[in-house]
Amino acid sequence: MNLVYRSTRNGEETATASEAILKGLTNDGGLFVPDTIPKLKVSLEDLQKMSYQEIAYAVMKEFLTDFTEEELKNCINKAYDDKFDTKEIAPLVKVGDAYYLELFHGSTIAFKDMALSILPHLLVTSAKKNHVKNEIVILTATSGDTGKAALAGFADVPGTKIIVFYPKSGVSPIQEKQMLTQKGDNTYVIGIHGNFDDAQTGVKKMFSNKDLAALMNENGYQFSSANSINIGRLVPQIVYYVKAYTDLLKQGALKAGEPMNVVVPTGNFGNILASFYAKQMGIPIGKFICASNKNKVLFDFFQTGEYDRNREFYVTSSPSMDILISSNLERMIYRITGNDAKQCAAFMNALTKDGVYKITEEMKKGLSEFFGGYATEEETAAKIKEVYEAHQYVMDTHTAVAAVAYDQYVKATGDKTPAVIASTASPYKFTRSVMDAIDPSYDAESDFELADELNRISGVKVPKAIEEIRTAPILHHTVCDTEAMETEVKKILGI
């Protein structure tokens, strides 16, 4: 039987998995959620014997119920191949008392590859299943990593175009060069004068603009999304938490049925929500430790029950978390309202109109499994240096934020349950911040000199993703104000 997906803002709007993947957002700007979180049909013992690809099928077939076995396995095998520099796809590495789930072994050296390697295949398959004749226009805002991973995934995929908006002054030099050197006749990258939230708001406005949708349809186009608001992005992320649990079993850190804790550096809330869904599927997880940087809107929310984006926005050394509107939190809000779409819509409208909403005490109880922590810039840098000096392990800035939050959790609770820290990017993606943390004298060197120095001190090979952009020409030059985002899209599409 097909799993039904429903809008978080309108209980009447439903879709199959393939329809939800195609649309990205619901008609009223809400997100698609499954009516129920399905249970895994495979035992923990059997999961241990499976490859990453086999675990992916076991998880994803429960959510993508209108895909045939052949269709889904074809998508999985095309995604998780030699684009990844390890057969494990997502290795679990023990460092000190924690386990780091390395999610950066894909082609753009960030965790977004884990889902964006498969999303193009899911989307093209969904279009065929639903007899879509229009060309699909992937419209995405990025705080740094989604953009490049989506561009790499969709480059030259027939029947698609991809347009990525990013904050011109809000990503690392490596992240920016990765995007601006992207090849592909169907790829477009636009910098905006503003921050990630401005880019995301502009994209959401275009998605909910009915006149624009009609104009595009007349010209043979329709929008879809590669952000984690798309259920086709979220479902593949559940897989690596299942895999991490089996790795803890294999490494003897746990016995089957004992819980692990999960620590996730959090911006848009999709990655940590995927771990929550893994628990609902039957993976034993105790606490979800939600790590924020200086933009600690989620930390404050977990403390007070009030979500307030009316605050100063900081550009930090962990830019993928420089977010004040965590879009995927809406799926969690919907859940803790008891799947009350009207109440969820009211909260989201308040967030749009006033920039703030406050949940009830009853709803707060629904978040009891979550612990909020946050790291200052100084704490982030100190953690990178500390772990390098103690273990010769170099982590990126986002992973360091999570490691700080994990320390805070242990100090506050004394809970020594084995913890999996989501390591969301390679240190090579943020070489300046990482190397400055280890020794400020590195700051005199260029970004690529720093990559070579990082290779020397860590013994970790410079990734292909970095080598490729050393001398690559800049192919994308457009920069615009937020008000001009729609105009730029129309220009690209010739409408």
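I will take the salt bridges and then the cavities.

This is a predicted model, in which local features need pLDDT of at least 70 and side-chain atom pairs count only at pLDDT 80 or more, while totals for chains, interfaces and linings use all residues. Residues are numbered from 1 along each chain as its sequence is written, and side-chain values use heavy atoms, with hydrogens and water left out.

Salt bridges, then. The rule is a side-chain nitrogen of Lys or Arg within 4 Å of a carboxyl oxygen of Asp or Glu, and by it the count comes to 31.

Take Lys-383 and Glu-386, whose closest N and O atoms are 3.1 Å apart. Both sit in helix 17, residues 377-391, 3 residues apart, or about one turn of the helix. Helices here are DSSP runs of H or I with at least four residues, numbered from the N terminus. For burial, I call a residue buried under 20% relative accessible area, exposed over 50%, and partly exposed in between, with a 1.4 Å probe and protein chains only. Lys-383 is buried at 7%, and Glu-386 is partly exposed at 44%.

In helix 22, residues 485-493, Glu-488 and Lys-491 are likewise 3 residues apart, about one helical turn. Their salt bridge is 3.3 Å, N to O. Glu-488 is buried at 13%, whereas Lys-491 is exposed at 57%.

Which helices does the pair Arg-432 and Asp-447 link? Their side chains meet in a salt bridge at 3.8 Å, N to O. The pair links distant parts of the chain, from helix 19 (431-438) to helix 20 (447-458), with the two residues 15 apart. Arg-432 is partly exposed at 25%; Asp-447 is buried at 17%.

Now the cavities. On a 1 Å grid over the protein atoms alone, a cavity is a set of points where a 1.4 Å probe fits but cannot get out, and lining residues have an atom within 4 Å of a point. Points are joined across faces, edges and corners, and a volume is the space filled by probe spheres set on them.

The whole structure has 3 cavities of 30 Å³ or more.

Note on methods. 1 Å grid on protein atoms, 1.4 Å probe; cavity = no way out; pocket = protein on both sides within 12 Å on 5 of 7 lines; lining within 4 Å.
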